[in-house]
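I set out to look up, in turn, the cores, the salt bridges and the surface of one protein model. My entries follow the structure shown here.

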Amino acid sequence: MLVRAGKQLETGVNGHLHKTFRRCFSASAARLASVERSDSSVYDVLIVGGGMVGASLACALASTPVTSSLRVALIESAAAPALHPLPPLHDLRVSAVNPASAALFRAVGAWQRMEAARVRPFHSMQVWDAVGGGSVTFGREPRRPGAPTDKPLAHIIENRVVQAALFERLAEFDAVDVLAPASVAAVTVPAADARGPMADWPTVLLKAGRTLPPRLLGRPDRGNPPVRAAPGPSPLG
């Protein structure tokens, strides 16, 4: 099965991710068991793209009880990023991480690593048009007297810090293999009426020549590899 992972991963740990993988592997109780580990080329889930979304998905799979036994591979075209040492100058590529996303990072064990690196909270934001005179201000409601300290609206974090913290966490999971650097040459989707063991699984061909047949293929990043459908009806619709 091939799926395109969405960008909203914050509900993944306890909700959407649980339901999605229960549905994908619910043919029988045995389907939730991991594939045979003696074959190093076979994975339950293969994620193409190790950016912030792909790495978050891999961490969530390894951290969620219903999917933690699955064998997962993450393919990233660049070398695995390092969290330490960080360059002294901040990277201009940053993300505003809202509380829900921070909760996801905390649940998978990556948030603490980000905080120990470089994280900057903010409590309000004003956005204006450089040409016109309009503007909009975002912020939380004023804190009531005696209420706990105001929580930040979000955190500004360098993208490389987010990615490196997730990769550092992924290295601690036995069931996750990070293939980096590695690039996908093509993805073959089997015909809908395919028969036989693993016949309905997609096939991922790496540029180095290695072939990987995952039970479930996720492609969360925009730079998708080419997909070649087998003759006959395509399961992609």
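The entries below record what I looked up in this model.

**Entry 1: ground rules.** I noted that the model is predicted, that local features need pLDDT of at least 70, that side-chain atom pairs count only at pLDDT 80 or more, and that totals for chains, interfaces and linings use all residues. Residues are numbered from 1 along each chain as its sequence is written, and side-chain values use heavy atoms, with hydrogens and water left out.

**Entry 2: the cores.** I first looked up the nonpolar cores, each a set of buried Ala, Val, Leu, Ile, Met, Phe, Trp, Tyr and Cys residues joined through side-chain atoms within 4.5 Å. Buried means under 20% relative accessible area, exposed means over 50%, and partly exposed lies in between (1.4 Å probe, protein chains only). The largest core holds 32 residues, and Ile 47, Met 114, Leu 166 and Leu 170 have the most contacts inside it. At least two residues of this core come from each of strand 2 (43-48), helix 2 (52-63), strand 3, helix 3 (99-107), helix 4 (111-117) and helix 5 (159-170). Helices (H or I, at least four residues) and strands (E, at least two) are DSSP runs, numbered from the N terminus. I also found a second, separate core of 13 residues, including Tyr 43, Val 48, Val 204 and Leu 206. In soluble globular proteins, nonpolar side chains tend to be buried together.

I then listed the contacts of Leu 166 (heavy atoms within 4.5 Å). Leaving aside neighbours within four places in sequence, Leu 166 touches Met 52, Ala 55, Ser 56, Cys 59, Phe 105, Val 108, Ala 110 and Met 114.

**Entry 3: salt bridges.** A salt bridge is a side-chain nitrogen of Lys or Arg within 4 Å of a carboxyl oxygen of Asp or Glu. How many salt bridges does this rule give? The count comes to nine.

One of them joins Arg 215 and Asp 44 at 3.0 Å, N to O. Arg 215 is in strand 13 (residues 214-218) and Asp 44 in strand 2, 171 residues apart. Both Arg 215 and Asp 44 are buried.

Glu 168 and Arg 113 form another salt bridge, at 2.8 Å, N to O. Glu 168 belongs to helix 5 and Arg 113 to helix 4, so this pair ties together parts 55 residues apart in sequence. Are these two partners buried or partly exposed? Glu 168 counts as partly exposed because its relative accessibility is 30%, whereas Arg 113, at 18%, counts as buried.

Entry 4: I found a salt bridge between Glu 158 and Arg 160 at 3.1 Å, N to O. Glu 158 is buried, with a relative accessible area of 3%, while Arg 160, at 25%, counts as partly exposed. Salt bridges that share partners join Asp 91, Arg 93, Arg 118, Glu 158 and Arg 160 into one network.

Asp 91 is buried, at 16% relative accessible area. Leaving aside neighbours within four places in sequence, Asp 91 is in contact with Glu 158 and Arg 160.

**Entry 5: the surface.** Last, I looked up Met 125, which is in strand 6. Met 125 counts as partly exposed because its relative accessibility is 34%.
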